Amino acid sequence: TPMLIACAKGRLPICAWLFEVGAAEDLSKADDHGSTPMLWACEDGHLEVCEWLYKMGATEDITEANNWGRTPMLVACWEGHLSVCEWLFRMGAAEDITKADRNGFTPMLVACWEGHLSVCEWLVKVGAAEDISKANNNGFTPMYVACWDGHLSVCEWLVKVGAAEDITKAARKGATPMLVACSDGHLSVCEWLFRMGAAEDIC
């Protein structure tokens, strides 16, 4: 809908105008994938739009998942929008900091995958510490995906907070953090894994 697109793009004046001229019912109307205007605004980091939607009556949408089971909290963590994550938490979406989607992706896992260290640190602070080693349906741990995408600072942080054993933990099809780091050309991560105890994984 025009309302959904305006929210997704962060066009707050357009959102407000649409509401005034008759599109109020579209505040919570989802797209074909079950993603609401609130979810789209959270994913794209438009905090002012999120706050406006909530004020206008879309309060329940802060925890409404789409067809893939992705909540506003999960997508905000995925894209690294810490201010949106903090707002969602304050507004009542605290339980979603550990809620996985249908493929087993938690907010911690996606934040590590994308290298959003500040979001990772915040998640631990507010209660998601147990997710630092939690794998998805394919056996991908936060350490695995951080190595895969070359986020050395996240890898180092994961060891610091208790996920050291995951540096040699393979996914369900047998690929190790060393293998995926080598595959994607992240030499600094490969060298770090070697020093940290994954020497046997080079062969």
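Analyst: What follows is a set of questions about the terms used for this structure, each with its answer.

This is a predicted model, in which local features need pLDDT of at least 70, side-chain atom pairs count only at pLDDT 80 or more, and totals for chains, interfaces and linings use all residues. Residues are numbered from 1 along each chain as its sequence is written, and side-chain values use heavy atoms, with hydrogens and water left out.

User: What makes up the pattern of the chain?

Analyst: The pattern reads α-α-α-α-α-α-α-α-α-α-α-α, with 12 helices and 0 strands. Helices (H or I, at least four residues) and strands (E, at least two) are DSSP runs, numbered from the N terminus.

User: Why is H5 called roughly antiparallel to H6?

Analyst: Helix H5 (residues 72–79) and helix H6 (residues 82–91) pack at an angle of about 160°, with their axes 8 Å apart. Axes are lines fitted to C-alpha atoms, for helices over the stretch in contact, and angles run from 0 to 180 degrees between N-to-C directions. Angles under 35 degrees count as roughly parallel, over 145 as roughly antiparallel, 65 to 115 as roughly perpendicular and the rest as oblique. H5 is therefore roughly antiparallel to H6.

User: Why is H5 called roughly parallel to H7?

Analyst: H5 and helix H7 (residues 107–114) pack at about 15°, with axes 7 Å apart. That angle makes H5 roughly parallel to H7. Leu74, Cys77 and Trp78 of H5 make the contact (heavy atoms within 4.5 Å) with Pro107, Val110, Ala111 and Glu114 of H7.

User: How do you know that the side chain of His186 reaches Trp148?

Analyst: The side chain of His186 comes to 3.0 Å from the backbone oxygen of Trp148. A polar contact is a pair of N or O atoms within 3.5 Å; within protein, one must be able to donate a hydrogen and the other to accept it, and residues adjacent in sequence count only if both atoms are side-chain atoms. His186 lies in the loop between helix H11 (177–183) and helix H12 (187–196).

User: What makes a set of residues a nonpolar core?

Analyst: Such a core is a set of buried Ala, Val, Leu, Ile, Met, Phe, Trp, Tyr and Cys residues joined through side-chain atoms within 4.5 Å. Buried means under 20% relative accessible area, exposed over 50%, partly exposed in between (1.4 Å probe, protein chains only). The largest nonpolar core here has 64 residues, and Leu193 is among those with the most contacts inside it. Of the 203 residues of the chain, 44% count as buried.
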